[in-house]
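Subject: The structure, and what turned up in it

Hi,

Here is the structure I promised to pass on. Have a look at it first, and then read on for my notes.

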Amino acid sequence: MTQFIFLIIKAAIVFFFCVGLAAMLIWGERKYAGWMQSRLGPNYAGPMGVLQTFGDLAKLLRKEDVIPDTVDKPVFRAAPYLLWVPAALTMAVIPFGGMDAKIFGWRTDLVIANFDAGIVLFLAMGSLAVYGVVFAGWSSNSRWALIGALRSGAQMISYELSMGLSLVGVMILAGSMNLVQIVDYQSGAFWHWNFIPQLVGFVIFFIASIAELNRTPFDLPEAEQELVAGYMNEYTGMRWGIFMFSEYVNMIVMSAIMATLFFGGWRAPFESWNVIPGFLWLIAKMMGFIILYMWVRWSVPRYRYNQLMSLGWKILFPLALANLAVTALVVTVK
Amino acid sequence: MGLIDIIKKATFFEILQGMSVTGKYAASKKFTIEYPKEKSIPYPRFRGSQALLADPVTGELNCDACHLCETICPSQCITIESSETPDGKKSLDEFTIDLSRCVFCGFCEEVCPRAAIVMTANYELASYDKRDFILTKEWLIANAVHAHKELKGR
Amino acid sequence: MAAAKNIDELSPAHKQVASHLQGKFGKRLLETSSFRGDLTYVVSPQDWLEVLTYCRDAEELRFDRLDSLLGNHFPEREDQPFEVIAHLVSIPHTTRIRIKTRLAEGETLPTVTGVWPSASFDERETWEMFGVVFEGHPNLTRLLTVPDFDGYPLRKDFPLQGRVGGRIRWNFKGEI
Amino acid sequence: MSAPLEEKVEQRTRPTLEELKERKARNRQRVSDNAEVMTISMGPHHPSTHGVFRMDLDLDGEVIVDVRPEVGNLHRGMEKLAESKTYHQIIPLTDRLHYVVSFSQNEGYCEAVEKLMGIEVPERAKYIRSMCHEMCRIANHIIWLGFLVMDLGAITFQQITFREREYIMDLWEMLTGARLTHSFARIGGVAKDIPDGFREKMAAALEVIPKRMAEYDRLIRNNRIFLARGKDVGIFTSEDCAAWRVTGPTLRAAGCPRDLRKDEPFAAYDQLDFNVCVEYEADVIARYVLRMNEIYESIKIIKQCLDEMPDGPVIAEDAFHVIPPKKDVLRSSAAMIQDFVQVFRGPQVPKGEVYKAVETSQGELAFYIVSDGSPKPQRLRITTPCFYHCQAMQPLLQGEMLADIVGIFCGVDVCLGSCDR
């Protein structure tokens with residue numbers, strides 16, 4: 001029974017952590033983009049403009065929720081949630097600290113769900129998220145949105161393949177698909193972490209994750225300059241706000257997965273630094289990746305559709321296969 | 001394509017190079033002027049809203065109501081009403097500038113034979129009320145405090 | 001007819017052009033004049049297409065670009081109030097020439113979109129502004145004004161004030 | 001200063017006209033015969049059409065089958081307006097064609113009027129005009145680059161190019177009193193002489209801009225995505241350019257060294273030493289390289305202008321056509337009478353018609369003025385380069401991909417204010 005209460009408490013904490021962090025990231029990205037552009041970014045609401053997101057939230061909630069006449073209404077309404085709820089579910093398998101940790105005298109695992117198919121859950125939920133985009137574009141009954149949805153469908157399916165394959169290397173090394181065990185495998189200082197043997201896998205995963213997140217240079221489904229807003233063309237007010245918000249939730253999840261699989265999860269870079277709680281290390285690594293995502297986004301142009309496809313199928317996919325083969329060979333020979 | 005090119009491609013050399021530039025900007029000093037807090041100071045030739053200058057000694061308006069500015073104005077935003085005083089001089093009764101038509105070309109200042117109408121440094125002209133855009137003679141005389149310094153002495 | 005005024009003002013390249021065109025078309029060039037170094041020919045509407053095509057194709061002329069094509073309205077000339085003026089440029093010879101034609105109200109002119117595709121917008125503009133119809137133009141519709149605009153705004157008798165036609169109306173199927 | 005981009009440009013090849021045509025045909029092959037066409041309307045409030053341009057696109061998937069450009073959403077009737085204004089009053093009107101290069105427009109109009117009236121412009125004014133032309137060119141090309149890269153997806157770039165343009169804007173404010181709509185050229189010269197401290201500020205700006213352009217190079221010059229997006233995209237050969245009257249950098253990027261500054265010199269360009277930049281690949285990258293080289297040439301020209309500028313008046317002494325400078329009006333009665341006559345009666349113009357083209361940073365801008373002897377033009381036709389650039393979207397875009405529309409559209413440099421007049 002206590003375990004069940006703990007489970008609910010843990011889930012609530014992780015959920016609110018995700019939501020809060022996403023809200024901060026919306027402000028953070030604008031601020032960081034402003035800095036990179038020699039601007040100041042938002043600076044009026046609160047100190048350094050930290051309350052900007054809440055101001056935006058108030059504005060979005062007050063706006064009229066326009067649902068065009070020709071849209072497929074149930075699908076149109078459901079699509080925003082389909083985009084971020086599956087992604088947020090993935091947070092359940094991320095370990096935030098050691099198993100059997102002692103908190104105020106109670107013993108518990110610092111993970112919501114410790115089960116063996118963690119990576120599979122992540123991949124499955126990633127595949128579900130594409131429905132949100134495709135539904136949004138299709139139900140809008142608008143040609144711009146349709147093009148965005150089509151691009152998104154093709155792009156996500158192509159890059160999911162390389163993404164999944166790049167993770168198989170990690171699975172082979174750790175001999176498990178359980179994220180807790182993968183983190184255990186990486187115990188020790190940072191040269192035990194997976195990103196050293198799996199550097200190619202990590203690079204592929206990082207590129208594919210940008211594509212999954214629909215961020216520049218792979219933000220074709222949104223493509224502000226071509227499709228205006230792509231699949232969310234017809235959305236207004238808070239529904240649009242949920243799309244915006246889900247982008248950041250997805251980003252948090254993706255960086256958490258990346259930190260867990262390739263960078264030792266909650267573990268400190270050196271054994272002696274483990275006095276700092278593990279979840280702080282995890283958050284620090286996540287923030288590192290998030291800043292990297294933002295940095296890339298505001299520095300590079302966007303690929304064209306056919307270039308994106310050829311990059312995914314002709315370069316990343318064979319590379320991921322080769323990486324898998326080499327890893328399997330090395331592990332077998334050892 | 002030599003070996004160096006391949007290495008550069010595989011290590012994302014040029015993308016990292018580009019990111020170093022944006023990263024440098026993120027850390028360096030910002031270019032923004034935070035407008036309502038700090039104001040930019042216009043150069044002496046800046047063409048802000050007009051003002052009517054008066055003689056610094058007698059306090060009389062320089063304007064002779066010769067209608068030159070009214071005639072040259074390309075957007076016809078100046079309206080002058082004048083009457084004749086008993087001693088045969090023209091006197092200015094009403095001088096109105098419709099700011100919503102004005103294009104700030106500075107022709108009125110340029111053709112004025114008496115340095116009576118000048119463009120000032122006053123650029124804060126936004127308003128919620130359209131009626132504020134009709135600049136009356138009194139407004140224009142009061143606006144002379146914004147006139148560029150080198151013009152005031154003339 | 002072809003009384004060339006101030007032909008001495010012309011540059012040597014222009015003189016060559018002038019003598020070549022004189023030799024080819026002779027009396028069909030109704031007027032020749034030059035003002036501030038600009039060489040102008042007036043041709044009849046029937047010769048319009050032929051002269052312009054020849055100017056582009058002849059090896060000595062090579063006017064390969066139509067710099068602009070525009071109309072003008074002279075209400076005081078009662079028989080032929082409209083003018084259509086083409087400015088040609090030769091990039092290899094760096095010369096310019098102006099060819100005009102005069103039209104009566106309702107008279108049509110053959111299109112030159114087949115010679116220079118760039119004339120398409122120009123002819124559409126001339127048509128909507130002056131009412132000069134270009135025969136054979138693939139898409140002679142209003143360009144700058146709204147599709148149901150009334151009248152020809154650049155004619156001199158077009159009223160300067162008031163509201164003439166030109167309200168955008170649409171049905172909600174997207175057609176204006 | 002030699003153009004630092006030159007050594008990097010050498011890897012660019014010089015394809016012949018046939019090769020270019022073949023490359024263009026290869027792009028066109030994407031259009032299949034039995035295409036299932038979806039028509040979508042792009043614009044007029046699309047963010048990347050640089051104004052209010054509208055295109056009807058026939059799409060087969062991502063490939064563009066046909067384009068029908070539509071302009072006119074910003075039509076302000078400038079030509080009709082000009083017929084009711086004296087020659088002096090039209091100058092502020094020409095600012096509003098394209099606000100980035102408004103001096104070039106002022107100057108082009110004044111050149112045409114001076115040709116009509118036969119005014120000889122003082123040497124100093126000519127040099128100031130050339131200098132201002134090049135300031136326009138630098139500002140325009142810099143923000144053109146920003147917009148191009150932004151349209152290809154990197155938004156940061158647009159912001160930092162606007163920052164560099166600010167140096168030019170400050171100079172404009174110092175020189176003319178306005179940041180966008182300068183109204184600086186006058187019939188017979190320019191409005192004012194260069195102010196004190198202008199040379200130092202200009203020298204400082206000309207120091208900063210090449211440094212910043214080196215940073216632009218580091219940002220995108222070798223960027224694989226930028227090169228992939230621009231290479232062999234939007235090919236427009238010199239033949240096409242002549243047929244569709246596409247001028248300016250697009251024509252020069254197709255290998256044709258046509259530049260009115262050399263071919264039909266105006267202002268002081270016949271006395272200045274500069275090169276006409278030419279590129280040969282006729283695609284978006286070639287246009288980018290060409291414009292960057294032109295900025296270096298412009299910097300060279302501005303330095304020459306400031307060094308070689310002779311002393312003297314900045315406006316012609318011509319009692320019949322010119323509004324006299326203000327300081328003369330205040331002091332001499334003859335100038336005051338001239339002032340009154342010019343304002344109330346307008347300039348005295350001979351009968352006739354002139355056509356004068358100048359090279360702005362976008363292409364050849366031409367003014368055609370018909371005078372019937374009155375102080376107001378009988379007809380003023382403004383032949384802007386952007387009008388034809390918009391029209392040329394149809395041959396430019398056929399066979400390209402949807403994502404390249406914005407790159408190509410920005411690549412030929414279009415301003416809708418200038419297009420619709």
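In this predicted model, Arg54(D) and Glu70(D) join their side chains in a salt bridge, with 2.6 Å from N to O. The term stands for a side-chain nitrogen of Lys or Arg within 4 Å of a carboxyl oxygen of Asp or Glu. Arg54(D) belongs to strand β2 of chain D and Glu70(D) to strand β3 of chain D, so the pair ties together parts that are 16 residues apart in sequence. Glu70(D) is partly exposed, at 32% relative accessibility. For that scale, buried means under 20% relative accessible area, exposed means over 50%, and partly exposed is in between (1.4 Å probe, protein chains only). Helices (H or I, at least four residues) and strands (E, at least two) are DSSP runs, numbered from the N terminus.

Some ground rules before I go further. Residues are numbered from 1 along each chain as its sequence is written, while chains are lettered from A and ligands numbered from 1 in the order in which they are written. As the model is a predicted one, local features need pLDDT of at least 70, side-chain atom pairs count only at pLDDT 80 or more, and totals for chains, interfaces and linings use all residues; side-chain values use heavy atoms, with hydrogens and water left out.

Back to the strands of chain D. The order β1-β2-β3 makes up an open sheet of three strands with antiparallel pairing, where two strands pair if DSSP finds at least two bridges between them. At the edges are β1 (38-42) and β3 (63-70) of chain D, each of which pairs on one side only. From one strand to the next, the twist averages 20°. β1(D) and β2(D) (residues 54-60) run antiparallel and are joined by five bridges. Met42(D) has Met55(D) as its bridge partner in β2(D).

Now for the other charged pairs. Side chains of opposite charge can pair when their charged atoms come close. Over all chains, the count of salt bridges comes to 66. One of them is between Asp38(C) and Arg98(C), at 2.8 Å from N to O. This pair links distant parts of the chain, 60 residues apart: Asp38(C) is in strand β2 (residues 38-43) of chain C and Arg98(C) in strand β5 (residues 95-103) of chain C. Asp38(C) is buried, with a relative accessible area of 11%, and Arg98(C) is buried too, at 2%.

In chain D, Glu281(D) and Lys231(D) also meet in a salt bridge, at 3.1 Å from N to O. Glu281(D) sits in the loop between α12 (260-263) and α13 (284-308) of chain D, and Lys231(D) in the loop between α9 (224-230) and α10 (238-243) of chain D, so the pair ties together parts that are 50 residues apart in sequence. Glu281(D) counts as buried at 2% relative accessibility, whereas Lys231(D) is partly exposed with a relative accessible area of 39%. There is also a network of salt bridges that share partners, and its members include Asp38(C), Arg98(C), Lys115(D) and Glu353(D).

How many of the eight residues of strand β6 of chain D are buried? Eight of the eight (residues 352-359) are, so β6(D) is largely enclosed by the rest of the structure. Gly352(D), Val354(D), Lys356(D) and Val358(D) point one way from β6(D), and Glu353(D), Tyr355(D), Ala357(D) and Glu359(D) point the other way. Eight bridges pair β6(D) with strand β7 (residues 364-371) of chain D in the antiparallel sense, and Tyr355(D) stands opposite Tyr368(D) in β7(D). The two strands, β6(D) and β7(D), form a hairpin with four residues between them, and Gly363(D) in the turn has a positive phi of about 160°.

A word on backbone angles. Most residues other than glycine have a negative phi. Met48(A), which is not a glycine, has a positive phi of about 60°; Met48(A) lies in the loop between α1 (2-36) and α2 (52-62) of chain A. Thr94(C) also has a positive phi, near 45°, and is found in the loop between β4 (82-90) and β5 of chain C.

Finally, the chains. Chain A and chain C do not touch, with their nearest C-alpha atoms 12 Å apart.

Best wishes

Methods:
Contact means heavy atoms within 4.5 Å. Axes are lines fitted to C-alpha atoms, for helices over the stretch in contact, and angles run from 0 to 180 degrees between N-to-C directions.
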